[in-house]
Structures are given as structure tokens and as C-alpha cells.
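Hi there,

Here is the structure I promised to pass on.

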Amino acid sequence: MINVRELEEEIKKIIEPTIKGKIFPVYKGEERGEREIDIYIGSLPPDSEKTIIPAITIRVTGAKNTLEQKKLSVLISIGIFSETSEDGYLKICNLTQEIFEKVMEIGVINNRFEILPEAEWSLPEAQPYPYFLGFIDLNIIYEKDYRKDADNWINGGDWIG
């Protein structure tokens, strides 16, 4: 069985150097602050977006098994705060593209997870101003677990199935 958390943690390790040292505005009511982006595995904590953003989440959203491969769908969500729509658009666009390129250049993670080239990134048409969102959709093939019920028979023994 695949360890989904391991994959999510490895993607986090790929993204961390890309965002390290980058400071983004934080909404704090009348006050404004700045900080680095936090990365969460799975969903965002149930806190208000005002206290969480800027943030990135990494989440496996599904899996598909065929005769040829086992494929995981991974969603990387990026959220930032900006008081102006032009600045917010430029920052989320550049950050999403930068993370996308970094993840795609890896190709294979831990000799177990192959990132397929059919990945894409997107920015929703309607942004929840003053927050700006970007999404990266990845498909990852992982090592195939084969049936075990026929092993004895394949190796010359009796069918146990």
C-alpha cells in the first residue's frame, strides 16, 4: 500500500527552497504584517483565512488504478493576500509558475513517484479579493502492487486463490 503522507511530505521538501525567504503581506485587520508562506499537508487548518494566508496546501485528491499503472492526483493550492488586484495577480501568477517549474523539473521523487508531464497550473477567473489563489494539478504514477493470490500457482504450486 502506498504511503500518501510520504509523497505529500516529499513535495513539501521540493517547494520549501523555492519559497524560503520570500515575504508576503498578511491581513491583520487595521494592521498589516508580513511573513513567509506556511506549507500545510492536507487541508488548511479551520482558522480564519485572515490568520493563515499566505499559505500553501499539498493534498492527494484521488487515485486511479488501471492494468498499466497506479496514478495519484495531487493538488497544490497557493493563497496570498494583496491590497491591489494588479499586485495580487502578478504575485500569485509568478509564485504559482515558479513552484510549478520547480516541481516539474524533479521528474521522479524517491525513485517511487513519477510526475507525469500532463500537469497544469491555473488561476481562477474570480479571485476572492483581497486574497489571490493559484492551483497546481499533478498526476503521479507510483509503483504497482501486483496481486499476491496467484504467486504460489505462478511459482509452480497449487492454485490457492
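Leaving aside its neighbours within four places in sequence, which residues is E98 in contact with? They are T18 and K22, where contact means heavy atoms within 4.5 Å.

Before going further, a word on the source: this is a predicted model, in which local features need pLDDT of at least 70 and side-chain atom pairs count only at pLDDT 80 or more, while totals for chains, interfaces and linings use all residues. Residues are numbered from 1 along each chain as its sequence is written, and side-chain values use heavy atoms, with hydrogens and water left out.

Back to E98, which sits in helix 3 (helices are DSSP runs of H or I with at least four residues, strands are runs of E with at least two, and both are numbered from the N terminus). E98 is partly exposed, at 34% relative accessible area; buried means under 20%, exposed over 50% and partly exposed in between, with a 1.4 Å probe and protein chains only. Its C-alpha is 9.1 Å from that of I19, although 79 residues separate E98 and I19 in sequence.

Helix 3 has 22 residues and should span 32 Å at 1.5 Å a residue, which agrees with the 32 Å between its end C-alpha atoms; the expected span is 1.5 Å times one less than the number of residues. Among the buried residues of helix 3 are I92, L95, I99 and V103. An α-helix has 3.6 residues a turn, so residues three or four places apart point the same way. After helix 3 comes G107, with a positive phi near 80°.

I99 and V103 also turn up among the contacts of I15, together with I39, I56, I58 and I76. I15, I56 and I76 have the most contacts inside the largest nonpolar core, which has 32 residues. Such a core is a set of buried Ala, Val, Leu, Ile, Met, Phe, Trp, Tyr and Cys residues joined through side-chain atoms within 4.5 Å.

S82 counts as buried because its relative accessibility is 1%. Leaving aside neighbours within four places, its contacts include Y129, P130 and F132.

Finally, F81 and Y131 are both buried.

Happy exploring!
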